[in-house]
Amino acid sequence: MDVRAAVAFEAGKPLEVTTVQLDGPREGEVLVEIKATGICHTDEFTLSGADPEGLFPAILGHEGAGVVVDVGPGVKSVRKGDHVIPLYTPECRECPSCLSRKTNLCTAIRSTQGQGLMPDGTSRFSIEGRTLHHYMGTSTFANYTVLPEIAVARIREDAPFDKVCYIGCGVTTGVGAVINTARVEPGAKAVVFGLGGIGLNVIQGLRLVGADMIIGVDINNSKKAWGERFGMTHFVNPREIEGDIVPHLVNMTKTKADQIGGADYTFDCTGNVTVMRQALEACHRGWGQSIVIGVAPSGAEIATRPFQLVTGRVWKGTAFGGARGRTDVPRIVDWYMDGKIEIDPMITHTMPLSDINRGFDLMHAGESIRSVVVY
Ligand code: NAD
Ligand code: AHE
Ligand code: ZN
């Protein structure tokens with residue numbers, strides 16, 4: 001069938017909105033009509049050429065919501081008409097990773113997903129006979145896409161697509177990093193570096209679990225009001241303080257009783273490896289945990305003195321907030337529908353697919369939190 005898509009033909013070039021061809025679902029696959037998709041910084045990271053796994057031409061997008069319109073042979077867990085959120089981290093419930101209960105990183109289809117292909121090693125997308133790559137197994141910058149059934153979470157039908165699409169990445173990543181990865185306890189002191197579409201969700205996750213001190217760090221002063229809106233208690237612009245950010249943050253967390261100082265938990269939501277080091281070193285001696293969420297460019301590496309770890313600081317990472325998609329995503333949709341978490345104010349811009357490049361421009365300019373394409 002012909003579908004409308006924003007195609008990434010080359011790294012560093014704007015997307016081209018055009019008609020492409022999509023083959024129907026094969027064994028174990030579903031055809032989903034995408035109703036809305038967010039634009040995440042990771043889409044921009046791959047489009048920029050910084051992603052070692054980036055493939056072109058491709059149909060990017062991984063933060064969608066839509067309706068199942070057809071299913072291939074053998075599909076059991078969803079049917080036509082179901083409302084779903086595509087999962088770039090699937091949940092097969094059968095692979096060693098799923099069965100371990102130690103990780104959400106299902107390995108059932110990761111290898112073909114990284115090659116921009118469906119699990120059978122072929123692509124469903126093409127343009128005038130030329131193959132187009134899938135992206136993160138989701139390719140939501142198209143009004144129809146094909147996904148393995150293990151890579152969709154069935155959600156309630158009254159949830160608005162143009163809001164809950166954000167649960168397909170940003171919301172789950174931020175809130176999940178707090179709840180699943182760090183397991184932050186009430187009363188904790190936390191520092192969040194980078195108050196964008198992910199960092200603000202970390203902040204609302206920290207508020208949800210009852211953290212006492214939530215320090216936001218960003219180089220863009222307009223993010224102060226945004227952080228406060230979701231529960232941030234203090235703001236620091238590292239470019240406007242005297243001296244180094246690490247002792248500055250450590251001092252902020254000191255009390256009369258605790259003159260060592262340092263955060264119980266820190267979160268990098270920038271993808272900048274210098275910031276990742278600062279985040280680790282701003283942790284409390286003996287127990288502070290730093291969670292890497294940001295995705296760093298090809299070739300970038302993190303460094304610190306091993307003494308930072310010897311003295312009890314812990315460096316961790318998280319993908320998709322540690323969430324098991326088919327199990328956890330429907331619950332997060334319920335949290336939104338029940339008013340436990342907020343989404344609407346973070347969606348600062350909506351646009352038709354024809355304007356998708358404006359969403360990337362707004363992100364570059366630091367003017368948006370989330371742009372959502374509505375089909
Ligand atoms: P965004 O562009 O919306 O926000 C980034 C924020 O970081 C901006 O507010 C920016 O001003 C701030 N920033 C940039 N450099 C900074 C610095 N040196 N110090 C302090 N603040 C700085 O991006 P986003 O959509 O929130 O994504 C954030 C990061 O998370 C990206 O690297 C993205 O690829 C990654 N990500 C990871 C996962 C995962 O599963 N691990 C999921 C989604 C996104
Ligand atoms: N391909 C990149 C890494 C990209 C990456 O880390 N992706 C995250 C999700 S970011 C969503 O916005 C992720 O899920 N990682 C786990 C995985 O298996 O990809 C690179 O550096 O090679
Ligand atoms: Zn994302």
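**View 1. Strands β11 and β12 run side by side.** Strand β11 (residues 213–217) is joined to β12 by three bridges, and the two run parallel. Look for Ile215, whose bridge partner in β12 is His234. Strands here are DSSP runs (E, at least two residues) and helices are too (H or I, at least four), numbered from the N terminus; two strands pair if DSSP finds at least two bridges between them. This is a predicted model, in which local features need pLDDT of at least 70, side-chain atom pairs count only at pLDDT 80 or more, and totals for chains, interfaces and linings use all residues. Residues are numbered from 1 along each chain as its sequence is written, while chains are lettered from A and ligands numbered from 1 in the order in which they are written.

**View 2. Now step back to the open sheet.** Six strands line up as β12-β11-β10-β13-β14-β15, with parallel pairing. At the edges, β12 (234–236) and β15 (314–317) each pair on one side only.

View 3. Domain 1 covers 2–168 + 343–374 and domain 2 covers 174–318, with bounds from an automatic or database domain assignment. The contact takes 12 residues from domain 1 and nine from domain 2 (C-beta atoms, placed from the backbone, within 7 Å). Helix α1 (residues 41–48) gives three residues, the largest share of domain 1's side.

View 4. Among the residues around ligand 2 are Cys40, Asp51, Arg110 and Phe320; a residue counts as near if its C-beta atom, placed from the backbone, lies within 6 Å.

Technical notes. Contact = placed C-beta atoms within 7 Å.
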